[in-house]
Amino acid sequence: MPTPSGPGTPGPLESRPGAHASRPELAPGGAREPGRGPGSVGYRAVFAVREFRAVFAAHLISMLGEVVGQIALSVLVYRLTGSPLLSALTFATSMLPYVIGGTLLSSVADRFPARRVLVVCDLVHAGCVAAMVVPGMPVAALLALRCVPAAISPVFSGTRSATLGDILGEGDAFVLGRSVIRITSQTAQLAGFGVGGLLLAAVSPRAALALTAAALVGSALVLRFGTRRRPARELTGGGAPPATAGRCPLLGDSLSGVRRLFADRRIRALMLLSWVPPMFVVMPEVLLTPYSDGLGLGSAGLGLLMCGMPVGAVAGEALVGSLLGPRARARLTLPVGVAAMLPALGYACRPSFGWALALQVLTGCGIAYSLGLDQWFFAAVPDELRGRAMTVLTAGLMTAQGLGMAVAGAVAEFAPVHAVAAAAGGCGALCSLLVALEVRRTVARPVRPEV
């Protein structure tokens with residue numbers, strides 16, 4: 001996500017020192033992919049990088065395991081308690097601790113070697129899931145164990161995002177690499193729900209959780225042996241010298257980094273642009289269950305509606321990433337970010353199943369605005385804060401989405417569901433427009449001279 005880097009300007013990363021150092025500019029065979037403009041590399045060139053293939057494989061394995069494990073834990077808690085509330089809390093506890101970990105642990109992403117952070121996070125997650133398999137584990141302990149991976153998840157995601165810059169360089173390859181990670185997450189979610197349902201029909205929830213733990217260990221092994229060891233970013237990217245960096249307490253270092261990020265007007269505006277549209281986009285989605293019930297749809301109809309947004313997100317991001325170059329994607333960033341909420345206005349007309357599905361797909365297509373936002377954000381953040389910035393970005397995104405879900409559910413207790421969904425679209429478009437105007441008003445940090 002992230003200088004004259006406003007819409008329609010040349011990508012700021014092109015002028016930064018080292019921007020061309022390690023990114024694959026050409027498609028396999030030595031020629032640019034057909035139809036792509038200058039500075040664009042294409043998805044094929046991204047996958048030509050061996051280290052990225054390892055990161056991609058690890059992400060796919062862990063995502064499938066995570067989705068299956070989330071379903072299995074929800075089913076296990078419901079079977080133990082018979083409580084829909086406690087079952088739903090298994091999903092809530094996977095989001096709420098994000099803000100804690102993202103704020104208090106963000107400096108981990110820069111203070112320690114990236115590969116070590118990624119592997120340790122995967123192993124800690126696997127250990128927590130393995131502990132859930134123990135027979136007789138109290139429900140309170142299951143929920144507490146679920147909070148631990150949620151707290152370290154933003155550190156993992158932020159470290160991985162910063163590492164993509166080391167693996168792919170600071171140009172278009174990084175943007176498309178981030179795009180592949182998002183597409184994989186959406187696709188794995190769709191596949192994971194189906195696989196999880198079939199798996200739980202054949203094995204117990206605890207057996208499914210054991211498979212999740214095994215998948216996370218597999219992800220850790222792929223990252224350990226498939227990626228290079230690199231020194232801590234804080235000690236090599238212009239941060240504190242090695243002699244003093246270790247003396248700064250982790251908590252203080254994390255909070256100091258967060259303050260530095262929010263003190264920069266452009267970084268602050270870009271983070272808001274990353275958080276505000278998704279916060280409103282999820283509001284109609286979280287109301288799909290009562291909305292489908294009002295239409296008289298069964299579980300199959302609800303399932304299709306829930307698939308609409310991920311399908312739109314995968315299609316929109318893949319098309320924009322494949323067909324457009326960096327400049328064109330930059331021009332679309334602000335308009336698409338604002339327009340992503342407009343389809344929700346259609347709920348004011350109480351659409352039928354087919355039209356509601358179309359609205360969900362169109363809303364999902366709006367995620368394509370993240371491609372241009374990625375290139376601006378990466379350019380705006382100092383090298384030594386990159387891991388922390390990506391960690392805070394992830395934590396804020398999950399927190400904003402959780403807040404949006406909670407607000408939508410609370411308002412829907414007193415107002416018709418279709419009206420709440422439509423109002424979310426209108427308010428979201430207005431708030432996103434205000435943030436987009438702030439992004440346009442910000443100016444980029446001057447390019448640092450080469451030494």
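This briefing covers the confidence, helices, salt bridges and surface of one protein model.

The model is predicted: local features need pLDDT of at least 70, side-chain atom pairs count only at pLDDT 80 or more, and totals for chains, interfaces and linings use all residues. Residues are numbered from 1 along each chain as its sequence is written, and side-chain values use heavy atoms, with hydrogens and water left out. The protein has 19 helices and 0 strands, where helices (H or I, at least four residues) and strands (E, at least two) are DSSP runs numbered from the N terminus. Of its 451 residues, 54% are buried. Buried means under 20% relative accessible area, exposed means over 50%, and partly exposed lies in between (1.4 Å probe, protein chains only).

**Confidence**

- The average pLDDT of the protein is 80, and 83% of the residues score at least 70; pLDDT is the predictor's confidence in each residue, from 0 to 100.
- Over residues 1–38 pLDDT stays under 50, and the model has 120 contacts beyond four places in sequence for this stretch. Contact means heavy atoms within 4.5 Å.
- Residues 445–451 also stay under 50 in pLDDT, with 14 contacts beyond four places in sequence.

**Helix H9**

- Helix H9 covers residues 205–226, which is 22 residues. From first C-alpha to last, H9 reaches 31 Å, close to the 32 Å expected at 1.5 Å a residue; the expected span is 1.5 Å times one less than the number of residues.
- Buried residues in H9 include Ala-208, Leu-209, Thr-212, Ala-213, Ala-215, Leu-216, Ser-219, Ala-220 and Leu-223.
- An α-helix has 3.6 residues a turn, so residues three or four places apart point the same way.

**Salt bridges**

- The structure holds 10 salt bridges, each defined as a side-chain nitrogen of Lys or Arg within 4 Å of a carboxyl oxygen of Asp or Glu.
- Side chains of opposite charge can pair when their charged atoms come close.
- Arg-230 pairs with Glu-51 in a salt bridge, with 2.8 Å between the closest N and O atoms. Arg-230 sits in the loop between H9 and helix H10 (242–245) and Glu-51 in helix H2 (residues 50–81), so the pair ties together parts that are 179 residues apart in sequence.
- Both ends of that pair are covered: Arg-230 is buried because its relative accessibility is 13%, and Glu-51 is buried because its relative accessible area is 8%.
- A salt bridge joins the side chains of Arg-182 and Asp-374, at 2.8 Å from N to O. This pair links distant parts of the chain, with Arg-182 in helix H8 (residues 172–202) and Asp-374 in helix H17 (residues 369–380), 192 residues apart.
- Arg-182 has a relative accessible area of 16% and so is buried; Asp-374 is buried at 0%.
- Arg-182 and Asp-374 belong to a network of salt bridges that also links Arg-178 and Glu-317.
- Asp-383 and Arg-386 form another salt bridge, the closest N and O atoms lying 2.5 Å apart. Here Arg-386 counts as buried at 3% relative accessibility, whereas Asp-383 counts as partly exposed at 21%.

**Ser-179 in H8**

- Ser-179 lies in helix H8 and counts as buried, because its relative accessibility is 0%.
- Neighbours within four places in sequence aside, Ser-179 contacts Tyr-43, Glu-317 and Leu-371. Glu-317 is also part of the salt-bridge network with Arg-178, Arg-182 and Asp-374.

**Loop residue Gly-346**

- Gly-346 is in the loop between helix H15 (326–339) and helix H16 (353–365), and its relative accessible area of 25% makes it partly exposed.
- Apart from neighbours within four places in sequence, Gly-346 is in contact with Pro-351 and Leu-359.
- Gly-346 and Ala-356 are 10 residues apart in sequence, and their C-alpha atoms are 8.1 Å apart in space.

**Surface**

- The protein has an accessible surface of about 18,400 Å², and carbon and sulfur atoms account for 71% of that. Accessible areas come from the Shrake-Rupley method with a 1.4 Å probe; for residues, only the protein chains shown count as cover.
- Val-99, Ile-100, Leu-104 and Leu-251 make up a nonpolar surface patch with about 320 Å² of accessible area together.
- Patches are made of residues with over 30% relative accessible area and no salt bridge; like charges are joined within 9 Å, and nonpolar side chains (Val, Leu, Ile, Met, Phe, Trp, Tyr) within 5 Å.
- Helix H4 (residues 98–104) gives the most to the nonpolar patch, with 3 residues.
- Val-99 lies in H4 and is partly exposed, with a relative accessible area of 37%.
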